[in-house]
Every structure is written in C-alpha cells, then in structure tokens.
Amino acid sequence: MSRDQSLTNEALFERAQRVIPGGVNSPVRAFRSVGGTPYFVAEASGPFVYDVEGRRYIDYVQSYGPGICGHAHPAVVEAVRQAAGRGTSYGAPTRDEVLMAEEMCARVVGLEMVRLTNSGTEAVMSAVRLARGVTGRPTVVKFAGCYHGHSDSLLVAGGSGVAQQGLAGSEGVTAGAVADTIVAPYNVVPELDESVAVVCVEPVAANMGLVAPEPGFLQGLRDACDAAGALLLFDEVITGFRLCRGGAAEWFGVRPDIWCFGKVIGGGLPVGAFGASTEIMSGLAPLGGVYQAGTLSGNPLATAAGLAVLGLLDDDAYVLLESTAAALQEGMAGAFAAAGVTAVLPRVGPLLGLFFTEDAPRDFDEARKSADNGRYPPFFHGMLRRGVAFAPGAYEAIFPSLAHTEAEIEATVAAAAATASEMERDSEG
C-alpha cells in the first residue's frame, strides 16, 4: 500500500480534534477508555485493516458487525460498483428494495413486512413508535447495558459507547423523554402492567461485552408480553443474519412481535430495517397513522451491498463462522490460562466476548465490574502493538468474519499469549 509519508495517526488526530468533537464521528472509535491515539484506517481487505502509516492489523472490529464477509469482499465491491453506475439515490422505489425485503422475510419465520431505514438507531426508534401506535400504550421496557441506538428514550442505562464514556444516559435528554422508559436488569423477566407497549431486548447482549441470555429468559419475556398484551421487540442489529439464517429468533426458538436489523444487511453501507407481521406493519404510513420516513431509506448502494452479503451467507458460511469463533475462543482461553491471566470468553455461535473475570457476566453490573478492573487497556494495546485490532473498549463484542483463516487465528492466539505474559509480568512488578 502506497502512502503519504507525512501523514501519521497523531497528526491526523490532532487535525481531527480541531474540526470534529473528540476527533471522531462516533464515541466508540475514540481511545478514551483505553488511552492513546486512534489509528486512522487508510484501507482494508479481508481480515485486515491498514492504517495511514502503513501498519497492518488483523481486524476483529469489522466495523462493529457489518464485515461478516471481511472487508472489501469482491462480490460486495462489484455490486456497489454496478449500483453506483446506475445512480446513487432516486427518491423513488427501486427493485433492490423489494428484493431485500423479500430475502429478509424468506429467512425469518414470522417476519412478513419490512421497512428500510438508514441506521439501526432509526430502525429501533421507528419500531418503538410503531409499537406505541398500534397498542395505544406509552411505556417502553429496556434492559440495562443493552444499546438500541442514540434516540432519546432508549439512551438511559445504555451499553457500548454510552457505557465506555462512563455515562448513565446523555445530557440533552429531557426527563420527559425517558419518563415512559423502564430499565430492568438483563436476564431477569420484569413484571409488566397494562401501560407497557413494548419490551425491547438484545436477544444476545452484545453491547456490554457479550452477555448471553440465560435459559428461559427470552421465553419468559415472550410469556410476560403475551400475558400483559405488550409487544416483544428483538433488537437484532448485531445478531440478525449473523447467528444463523433466521437470526436470534431461529437460534433460540423464541419469536418476537417486532424485529430490528442493521449492519449485516448493508454490507458496510449505512442501513437499518424494522419489520413485523402484516397486521402490525399496516399501522405504518402510508397504510396507517404511525409516521416514519427517510430520504435515503432503501438506498440503492446499501441494498445492492446487502443483497450481495446475504447471497454469500449460506449454511456452509454459518458453519465456518462458528468454527472460526470457536477456534479463536479456545486458542485465546488457552493462552490466558498458560500465562496465569484470569479471563473468560463467552461465545454464542459466531459471536465472541472477552472479560477479565473468572465467570461470564450475566448482567450489566457484572459486566461493568470487569470493564472497570483495568485489565482491558493493557490487553488492547498489547494486541495492537502485535498487529491485532480489537475494539478500543471493553463493552464491545469480537467479530470474526468469513475472511479470517486459520493463519489469522493462529497469529492472534500467538499475540494473545505474548500479551498475556506481558500483562502478568507487569502485574507482578
């Protein structure tokens, strides 16, 4: 990769901080919770990203989930190239919007209609409005440590970047905006009353590290919603089409009333979607009285990329994704154990987490104790020095992709072994 020799990460970060708040356009990209200067990506390919200084990293961020096939997959690049040649936005319906909705509905049992948006935040925000509209109820129940985007009513007790910044919510959000939001602990089925419109949950909590649902939790939510007449919403922005063809609903055998998607279905371009049964979605304008819109919704570049990705995700792809994640889990766990570093790597299918504790957390309070114990920053920087990029914060999941081969897994495990030994020596010193 050719590069401008005068361009460095530090120089770019200094410039960025003068014109972009904090120097980043999303707080999760900042290094505030781990310290140091962010690396600025110049390009990426397969399992690798390259910074502006020419360093190559084995990348397990993968854009926080969209890169399920790896970066710049030829099929995705070609689909976007062809779509761009036809135009980038029309403000009118397109064929690929229909194809995308059909493909999603074909994969997910019970999903009958889909509305495309520009982000996961938009999808969840709109889905909550729809739930309130069709039920005529005001209250939303969410779970501490689950992140559903940055809409006002759902920021309270959020995971991901909210937690990494040490925030309980966000300034600028009025008391009225969260007055109808109830926060419950993850893995505990809350009591619901007749005011509850919708229960929003990440079926696998992937924004407080990786916290798996305990047996019976998701079914308990389904039963509680049925008893109270409330709707159950699965935020599958991360789990959707990553766990398996039908997402978390298929994986766990529990069907929500409303789904929200993002990341994978855009192939790395901005996208989101929410969907439900025909009956529920008929409450949405222009059929019903719940309004939602977006100039770029169903963007032809995003739908082209997303369709290319979904076309690659057959049964063999999911077998490979899970085996890659399992190999990474086993190898890193062995490296930590050999060095005497206490760590646990919970895994749900192809999704992986890392906590520097003896036991896997079951809720946000336990995840926060791990994040606050000071072990993640030296691990992060030790791996980065050895050419392996994890997320710059302890509240994010690890995303192996189809592009990560045995060679990358072996290199990652070797880097983890060296880093773990370094961490143990430093703790003894």
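Let's start with a network: salt bridges link Asp51, Glu53 and Arg55. By salt bridge I mean a side-chain nitrogen of Lys or Arg within 4 Å of a carboxyl oxygen of Asp or Glu.

Some ground rules. This is a predicted model, where local features need pLDDT of at least 70, side-chain atom pairs count only at pLDDT 80 or more, and totals for chains, interfaces and linings use all residues. Residues are numbered from 1 along each chain as its sequence is written, and side-chain values use heavy atoms, with hydrogens and water left out.

The side chains of Arg55 and Asp51 form a salt bridge at 3.6 Å, N to O. Arg55 is partly exposed, at 44% relative accessibility. The cut-offs: buried is under 20% relative accessible area, exposed is over 50%, and partly exposed is in between, with a 1.4 Å probe and protein chains only.

How many salt bridges does a search of the whole structure find? The count is 13. I'll show two others.

Helices here are DSSP runs of H or I with at least four residues, strands are runs of E with at least two, and both are numbered from the N terminus. Arg81 counts as exposed, because its relative accessible area is 51%. Glu78 is partly exposed at 30%.

Now the second pair. Arg222 and Asp257 meet through their side chains in a salt bridge of 2.8 Å, N to O. This pair links distant parts of the chain, 35 residues apart. Arg222 is in helix H7. Asp257 is in the loop between helix H8 (247-252) and strand E9 (258-262). Arg222 is at 10% relative accessibility, so it counts as buried.

Next, a charge without a bridge. Asp59 is found in strand E3. Asp59 is buried, yet has no salt bridge. Which side chain of opposite charge is nearest to Asp59? That is Arg242, 10.0 Å away. For charge, Lys and Arg count as positive, Asp and Glu as negative, and His and the chain ends are not counted. Asp59 does have a polar atom in its side chain 3.0 Å from the backbone nitrogen of Gln62.

Asn207 lies in the loop between strand E7 (196-201) and helix H7 (217-228). Asn207 counts as buried because its relative accessibility is 6%.

Now the surface. Glu250, Asp314, Asp315 and Asp316 form a negative patch. Members of a patch have over 30% relative accessible area and no salt bridge, and like charges are joined within 9 Å. Asp314 is in the loop between helix H10 (300-312) and helix H11 (315-339). Asp314 is partly exposed, at 37%.

Backbone next. The peptide bond from Ala285 to Pro286 is cis, with omega near 15°. Pro286 sits in the loop between helix H9 (278-281) and H10.

Ala72 lies in the loop between strand E3 (56-59) and H2. Ala72 is partly exposed at 46%. Asn187 is another, with phi near 70°. Asn187 is in the loop between strand E6 (181-184) and E7. Asn187 is buried, because its relative accessible area is 8%.

Last item, a distance. Pro74 lies in helix H2 and is exposed at 60% relative accessibility.

Definitions and conventions:
Patch = residues over 30% accessible without salt bridge, like charges linked within 9 Å, V, L, I, M, F, W, Y side chains within 5 Å. Areas by Shrake-Rupley, 256 points an atom, 1.4 Å probe, with all protein chains shown as cover. Charge placed at Lys NZ, Arg CZ, Asp CG, Glu CD. Polar contact = N/O pair within 3.5 Å; in protein donor to acceptor, adjacent residues only side chain to side chain.
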